[in-house]
Amino acid sequence: MSNFPIVATVLSMILGLSVTRLLLGALTVFRIRRVAKPDWVALVWAVMLFTMQLQFWWAVNALSAVKQTFSFLEFLLLVMLTLSLFVTAALLLPSRSEDEQNGLRVYFEQDGRYALLSLSTYLCLGLIVNVTLFEASPLALWGLLDVIMIVLPIGAFLARSRKASAVITLIYVPINVIDTLISLAN
């Protein structure tokens, strides 16, 4: 008997909360734009996260074509993957105007950048899921892109200067676009 409907429902619920959290953060940034200056670096990461959330949701819907029945450990791995997206969304943008009194740049540098570690966790777990559950070869182009996409947010998190963080963000954008196009083609 297939347990896919249960798996898809739980993953979609968590993912829905993740998307909601990110969109509420974006609305907070918009609402307080007159008193707190927006930051393009945080907003670019938010757009990339949103594309990843949508891409993952699409993958969840296509999951039944690949696998119908999941063990409890596989289910937990998929839940951890989805929770890492939620944590990323919860950390990336402020949820209250009080969090951003000094501007989005200060918020991102003090608190929001921790979302980048969670994003790398998501990508690392995604690599594990693809290799273990779906027997995808990590030596394929997607595997190389995933490794680069895992390392760059960690580099942006660890960057000591704003310029280094901004450059890493700009490098990440085309790689994310290429990864998205490859995944949609499959």
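This is a predicted model: local features need pLDDT of at least 70, side-chain atom pairs count only at pLDDT 80 or more; totals for chains, interfaces and linings use all residues.
Residues are numbered from 1 along each chain as its sequence is written. Local features need pLDDT of at least 70, side-chain atom pairs count only at pLDDT 80 or more, and totals for linings use all residues.

**View 1. The nonpolar surface patch.** Val-87, Leu-91, Tyr-114, Leu-117, Ile-154 and Leu-158 form a patch of about 450 Å². Patch residues have over 30% relative accessible area and no salt bridge, with nonpolar side chains joined within 5 Å. A salt bridge puts a side-chain nitrogen of Lys or Arg within 4 Å of a carboxyl oxygen of Asp or Glu. Helices H3 (72–92), H5 (114–132) and H6 (141–158) each supply at least two patch residues.

**View 2. The largest pocket.** Its volume is about 920 Å³. Among its 29 lining residues, Gln-55, Ala-59, Asn-130, Phe-134 and Ser-183 are the closest to the centre. A pocket is an open set of points on a 1 Å grid where a 1.4 Å probe fits, with protein on both sides within 12 Å along at least five of seven lines; lining residues have an atom within 4 Å of a point. H2 gives the most to this lining, with 9 residues. By class, the lining has 21 nonpolar, 6 polar and 2 charged residues.

**View 3. The second largest pocket.** This pocket holds about 160 Å³ of space. Its lining includes Phe-108, Glu-109, Arg-113 and Arg-160. Helix H4 (104–112), H6 and H7 each supply at least two lining residues. The classes here are 5 nonpolar, 2 polar and 4 charged.

Terms used: Side-chain values use heavy atoms; hydrogens and water are left out. Patches are made of residues with over 30% relative accessible area and no salt bridge: like charges are joined within 9 Å, nonpolar side chains (Val, Leu, Ile, Met, Phe, Trp, Tyr) within 5 Å. Accessible areas come from the Shrake-Rupley method with a 1.4 Å probe; for residues, only the protein chains shown count as cover. Helices (H or I, at least four residues) and strands (E, at least two) are DSSP runs, numbered from the N terminus. Grid points are joined across faces, edges and corners, and a volume is the space filled by probe spheres set on the points. Ala, Val, Leu, Ile, Met, Phe, Trp, Tyr, Cys and Pro count as nonpolar, Asp, Glu, Lys and Arg as charged, and the others, Gly among them, as polar.
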